[in-house]
Amino acid sequence: MRYLFVFLFITFLLTGCNSTQSKSEEKVAIPSPISLANHALFKLEPVPNEKEIFSLPKAEQAKFLEKYNQLILKGVRADTAISQYLESSIDGFTYDGETLTATDALSKQAGNCVSLAILTQAYANLAGIETSFREVSTYPIFKKEQDLLLVSSHFNTKLFAPKDDAEEKDWIEIIRKGTVVDYFPQQNTFYVGNAHYPSLVAKFYANLASEALIKGNFDLSYSLANEAFKFTPHNPELINLLAIQHRRVGDTDTAKKLFEFATEHKLVSSNLIASYRFLANQLGDTVLVDKLEVELEKTAKTPFDFLQIAIKATNKAQFSKAKRLLNAVIKHYPYLPEPHFELAKIYYLQNHHDLAKVALEEAIKNV
């Protein structure tokens, strides 16, 4: 049974694989929020550069290219050849929460989905194959760390097939051929959005920045976030991370300015709004808290976002609101157990034990 009822202080950001590139990143007129940071609070520390993230040992490069070229000569399509080599090279791979460079992921045979995406990208770079990435929402995995609630999600990689002469002459290409490499395929996944190479690099830095923040290494966390902003300068999750860094070192003024910048330019996510609401509550600004409660519902995208809103409503004894949200989720996704469990809890709290039993049985049936 997975995590069903979670009552913690704050929804933080993405530790595993969540990678959303905001449409607003294309608006070059918007300054980077890193310019609002209180740089005097932090000391820049050395971090891996972009080349180091995707580099592989020369012996591994030679091994890959030899096998890759053999497959190509046999008529295997380039994207499929990379996928086959990857599958054979990570046969004993252990999926954990660690974010690693391509070399470290290969040598340790371990890592999270970002680590595997980086390794895949490293091979794609050697073969000259284009890639894209897709954010996929699953039921979140929560991890409490002090006053932060880390929410892990997932994304996968698509290796594009090389364009042949006929395809290059097409005016419109609706779906480009390729191979999807999904390191942790699950049922009950929901498409959230597309991402690209800069998002992957930013995600590497952001994940490590989150880990450093948890450990209280604020200088390293800031240094890693600073690099991430170079690749996705208007990513709501990065703004959220930067604001939390400032809040954690006591600069609530800058933290609030960063949240205000994000909302003003519509660079928001449910995580950012939840963090902003936490800060508003900390500052005693009840008007802003109420405003952000409403905004949180507007930014919800997936059934799991609405589930979390329903859980918060339940905690406040707003049972009518919670049931409305849960029934809407159940209507569209009846096979998810989590909303049924939450509905069972509400019925139990309202002393409707028969209804609670029915909802609980429905939840167990879908586990």
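How many residues does helix α14 have, and what distance does the helix reach from its first C-alpha to its last? In this predicted model, helix α14 (residues 319-332) has 14 residues and reaches 20 Å between those two atoms, close to the 20 Å expected at 1.5 Å a residue.

## Helix α14

The buried residues of α14 are Phe 319, Ala 322, Leu 325, Leu 326, Val 329 and Ile 330. Seen down the helix axis, these residues fall within an arc of 135 degrees, so they line one face of α14. Exposed residues, namely Ser 320, Arg 324, Lys 331 and His 332, are carried on the face turned away from that buried side. The packing partners of the buried residues are α13 (303-315) and α15 (337-349).

## Helix α2

Helix α2 (residues 58-73) has 16 residues, which at 1.5 Å a residue should span 22 Å, and its end C-alpha atoms, 22 Å apart, agree with that expectation. Its buried residues are Glu 60, Phe 64, Tyr 68 and Leu 71, and because they cover an arc of only 60 degrees around the axis, they sit on the same side of α2. An α-helix has 3.6 residues a turn, so residues three or four places apart point the same way.

On the other side of α2, the residues Lys 58, Ala 59, Glu 66 and Leu 73 are exposed, while the cover over the buried residues includes α3 (78-89), α4 (102-108) and α5. Following α2 comes Gly 75, which has a positive phi near 95 degrees.

## Nonpolar cores

The largest nonpolar core has 72 residues, and those with the most contacts inside it are Tyr 68, Ile 82, Ile 118, Leu 119, Tyr 123, Ile 129 and Leu 200. Helix α5 (residues 113-127) gives the most to this core, contributing 10 residues. Apart from this core lies another, of 17 residues, including Ile 311, Phe 319, Ile 346 and Ala 359.

Once neighbours within four places in sequence are set aside, Leu 200 is in contact with Phe 54, Val 114, Ala 117, Ile 118, Gln 121, Phe 133 and Phe 155. One of these partners, Gln 121, belongs to helix α5 and counts as buried because its relative accessibility is 5%, against a cut-off of under 20%. With the neighbours within four places again left aside, Gln 121 is in contact with Phe 54, Thr 131, Phe 133, Tyr 197 and Leu 200.

Most residues other than glycine have a negative phi. Gln 109, although not a glycine, has a positive phi of about 50 degrees, and it lies in the loop between α4 and β2 (110-111). Lys 266, also a residue other than glycine, has a positive phi near 60 degrees; its place is in the loop between α10 (252-264) and α11 (270-282), where Lys 266 is exposed with a relative accessible area of 66%.

## Confidence

The mean pLDDT of the chain is 84, with 81% of its residues reaching 70 or more. Confidence is highest in helix α1 (residues 50-54), at a mean of 98, and lowest in helix α6 (residues 165-169), at 47.

Over residues 1-27 the pLDDT stays under 50, and for this stretch the model has 114 contacts beyond four places in sequence. Residues 141-145 also have a pLDDT below 50, and this stretch has 18 contacts in the model beyond near neighbours in sequence.

Note on methods. Residues numbered from 1 in each chain as written. Predicted model: local features only at pLDDT ≥ 70, side-chain atom pairs only at ≥ 80, totals over all residues. Heavy atoms only, no water. Core = buried A, V, L, I, M, F, W, Y, C linked by side-chain atoms within 4.5 Å. Buried < 20%, exposed > 50% of the residue type's maximum accessible area, 1.4 Å probe, protein only. Helix = DSSP H or I, 4+ residues; strand = E, 2+ residues; numbered from the N terminus. Contact = heavy atoms within 4.5 Å. Expected span 1.5 Å × (residues − 1). Arc of directions from axis to C-beta. pLDDT = per-residue confidence, 0-100.
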